Amino acid sequence: MLKKVVLRNFKSFKNETEIDFSKTNYNFLQQNVNKDGILKGCIFVGANASGKSNVILSIKLLLDFLFKDRNIRLGLLKSILSTDESFSLSYTFVIDGHNVLYDVEINPSKPFIEENLFVDSKLMMQRMGTSAKSFIVNENGVSYDEEDVDKETLFLRTLFFNTKFTSNKTLKLWMEFLQNSVYINAFERNIVSYGKDYKELELISYLKGNGLSKINTFFEEYNFEQNIEYANQPAGNNAVVVLPGDESEKNIYFMRKGVELPVPFTEESLGNQNLLRMLPTFLHVISRNGMLLIDEFSSGFHNYLETLLVRYFMEKSENSQMIFVSHSTNLLSNSLLRPDQEYAVEFNGKEGSTVTRFSTEQPRLAQNIEKMYVSGVFGGLPQYEKKSDEAK
């Protein structure tokens, strides 16, 4: 699980910013913490354009660098608030009780990449430009030069794809954790997964491969007044719905309890569509251990549904994390998340974005965290010009 990420000169984060996902001394909601003391999730709140999404993108970037075959425009990742030509990211994970530290510094203008990888403080790999050395298989190290080291590609990626880290259990488990991770932009309805079975998380593929039972079990367990069918021509009590096109092609239908009239997926509400698209990713990440990164989590969801999904993830996962951005302040509740799971992001002009962890203010269990946030205790509020509330 991700224990810590440190950003420097990355997008809106000009200054070095550390975000810690380790538990603090709060004793309630223990189901939100895994056995190694790492939080199973957290929420980032703040004004529009404060830098919340950049936190999610800093984690997603590692996954993109490692597993996606596409060009990443490095020049857009460096902060425009600084004259420094390089940006750096550092990630600390706890995998099966072991600490994995990976840091990377990139100068997009050259380009020039520096990388370091440690397991329990032991150096496993080091790279400087087009020279690298790996200590994973041989304690004396194996050297690589420009014939082996691409100047625009992470050497960590090259090592993984060449060896799969079969000789090191911790690094192998780390890569499995990363590949089990999923990124969602709920507003854009974009889902990105990183494992070999990534297509299985697309809704139709998931239903073809896994059937309806897990999704309908979720609806049943949490008292939804609906379930779904995946059929050619589902029949309700009062009607049969036939969509245009090939009659042999199956389609998704929502069945409302007490009505039994099938509603095509495309005619359902945005919230129900987003929910059904997301459920395979929740089920996947919870069962396999990984990170579920969600931007614009609030898109189309009722407050109660957001709360339900967060609670569901915290209760069902063991070594998985849900890291998300939301504008729904109702999620800032001591009955749902601990103060050490809540972060406010604020943009401070030329100094860029900053992050405040709610637990630094030591709020008590009995306090209303949402009211504290909207009253400005933790920062991260919009600074729009105040006008009279009186209607003109």
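These questions and answers cover charged side chains in a predicted model.

Residues are numbered from 1 along each chain as its sequence is written, and side-chain values use heavy atoms, leaving out hydrogens and water. In this predicted model, local features need pLDDT of at least 70 and side-chain atom pairs count only at pLDDT 80 or more, while totals for chains, interfaces and linings use all residues.

Trainee: How many salt bridges are there?
Mentor: A salt bridge is a side-chain nitrogen of Lys or Arg within 4 Å of a carboxyl oxygen of Asp or Glu. By this rule the count is 14.

Trainee: Is R8 buried or exposed?
Mentor: Buried means under 20% relative accessible area, exposed over 50%, partly exposed in between (1.4 Å probe, protein chains only). R8 has a relative accessible area of 19%, so R8 is buried.

Trainee: How many residues apart are K14 and E351?
Mentor: K14 forms a salt bridge with E351, with the closest N and O atoms 3.8 Å apart. K14 is in the loop between β1 and β2 (17-20), and E351 in the loop between β17 (342-347) and β18 (353-357). The separation is 337 residues.

Key:
Helix = DSSP H or I, 4+ residues; strand = E, 2+ residues; numbered from the N terminus.
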